[in-house]
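Reader: Please take me through this model by way of its folds, rings and contacts. I will ask, and you answer.

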Amino acid sequence: MKVNIIGAGLAGCEAAYQLLKRGVEVNLYDIKPNKFTEAHKNPNFAELVCSNSLKSLDSSNAKGLLKQELLMLDSLLLKCAYETRVDAGGALAVDREKFAALVTKKLKEFNNLNFISEEVEKIDTNIPTIIATGPLTTNKLLNGLKLVIENDSLYFFDAMSPIVSFDSLDKENYFIQDRYQKGNNDYINCPMTKQEYDLFYNELINAESVELKDFENKKVFEGCMPVEVMAKRGEKALLFGPLKPVGLIDPKTDKRPYAVVQLRKENNTGNMYNLVGFQTNLKFLEQKRVFSLIPALKNADFIRYGEMHKNTFINAPNNLNETYQLKKYPNIFIAGQFSGVEGYVESISSGLYAGINMYRHINNMEPLILPNFTAVGGLSYYIVNSDPKHFQPMNMNFGVIMSNIGLQKCKNKLELVENSLNYIKSIKNAV
């Protein structure tokens, strides 16, 4: 039997791999390279549109635990991420060009993959299909989905950070160091005095943003809050957010700076760096003017300016079960950020889970339901059991798992991690 997968992003590619390696013929649809959305540039699969970071590697951290579980369950995209890794301290960051190229190469090695570059407009509920079109699902497909999704789709606005050239940075005004000396000195730190910060802050909150003319409801997802929006919450908001100086000592002064902007590598060559936490919707000339007030960036060459775009997702509690399967149409699975998970690794997780369960569905097998004390199972359990009236996309965090099982059932996070990994280890060969 064939399975259609719509969307060759992170979730769609992971779902495709899980089916392809099990011998299923897959029709993988994507509008690229014949057509691109406003945010896509790379013709390859699995393009990372915003940051190049897949977040923490520490398995005592919820995001690190999710990665460990996915590796144990044979995630292709996690393996590709490790192969194209760039230095980023305790985080898993990738060279986004090499990552996309490797994922594309690995999937195209399967003879049972049929890649079709066209825009899908309608869903046939009689055909097993995984919809993984991501946060930039086209309007034509959204209109087609209204026939199979119970409630109107929701949306919020997401933003990406600028990227600057390493050679254009002012060496006299930055130092290389990781917070609390954890890592391999992978971050460039751009310190600011209180006077420098005050000037930057006042210009930032008064800078001109791009007008979002086509959208009436300007929701912003908390995890990708534009830096100028965060700044308007109070003059110290950034000091507890992306500009927090904790864990850093400026070697010039032997003291903690008043504020610090961190830069992270975009690729292995280290010639490009992105401004960590500087998602923005400022006009390009305003970005150049305001961000150049940061002393280390006074002559910075901006290779890419930050941009803001619309993210689309469904109301998961009203539409999905724990395997990312539509309640009303069991042939249809929704994976990736369109399903209501938020983040790169979370999207990969949903694609893996949906792919495994699609295989079981078309072979009349019982679904794989991972316990809610695991990261993979807990994430899906949380989004489908949330309050549908106030549903928002969710990143992986220990609060997700603990709200599922109750704090009283877990003495500490280390015990939770151990229980989760032991369970995944016990079933991985059977999956």
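**Overall build**

Author: The protein has 13 helices and 16 strands, where helices (H or I, at least four residues) and strands (E, at least two) are DSSP runs numbered from the N terminus. This is a predicted model, in which local features need pLDDT of at least 70, side-chain atom pairs count only at pLDDT 80 or more, and totals for chains, interfaces and linings use all residues. Residues are numbered from 1 along each chain as its sequence is written, and side-chain values use heavy atoms, with hydrogens and water left out.

Reader: What radius of gyration does the protein have, against that of a compact globule?

Author: The radius of gyration is taken over C-alpha atoms, and the globule rule is 2.2 Å times the number of residues to the power 0.38. For 431 residues that rule gives a value near 22 Å, and the protein agrees with it, at 22 Å.

Reader: What share of the residues is buried?

Author: Buried means under 20% relative accessible area, exposed over 50%, and partly exposed in between (1.4 Å probe, protein chains only). Among the 431 residues of the protein, the share that counts as buried is 58%.

Reader: How many residues of helix α1 are buried?

Author: Helix α1 covers residues 10-20 and is mostly covered. Its buried residues include C13, E14, Y17 and Q18. The count for α1 is 11 of 11.

**Aromatic rings**

Reader: How many aromatic pairs are there?

Author: Rings of Phe, Tyr and Trp (its six-membered ring) pair if their centres lie within 6.5 Å; planes under 30 degrees apart count as stacked, over 60 as edge-to-face and the rest as tilted. By this rule the number of aromatic pairs is 12.

Reader: What parts does the pair of F166 and Y273 tie together, and how many residues apart are they in sequence?

Author: The pair is tilted, with 5.9 Å centre to centre and 35 degrees between the planes. F166 lies in the loop between β9 (163-165) and β10 (175-176) and Y273 in strand β13 (residues 272-275), so the parts tied together are 107 residues apart in sequence.

Reader: Why does the pair of F373 and Y423 count as edge-to-face?

Author: The ring centres of F373 and Y423 are 5.8 Å apart. Their planes stand at 85 degrees, so the pair is edge-to-face.

Reader: Where does Y423 lie?

Author: F373 is in the loop between α10 (344-362) and α11 (375-384), 50 residues from its partner in sequence. Y423 is partly exposed at 26% relative accessibility, and lies in helix α13 (residues 413-427).

Reader: Which ring has the charged end of R22 over it?

Author: A charge sits over a ring if NZ of Lys or CZ of Arg is within 6 Å of the ring centre and within 35 degrees of the ring normal. The charged end of R22 is 5.9 Å from the centre of the ring in question, that of Y359.

**A loop residue**

Reader: Which side chain makes a polar contact with the side chain of T138?

Author: T138 is in the loop between β7 (129-131) and α5 (139-145), and is buried at 18% relative accessibility. A polar contact is a pair of N or O atoms within 3.5 Å; within protein, one must be able to donate a hydrogen and the other to accept it, and residues adjacent in sequence count only if both atoms are side-chain atoms. At 3.0 Å, the partner of T138 is E119.
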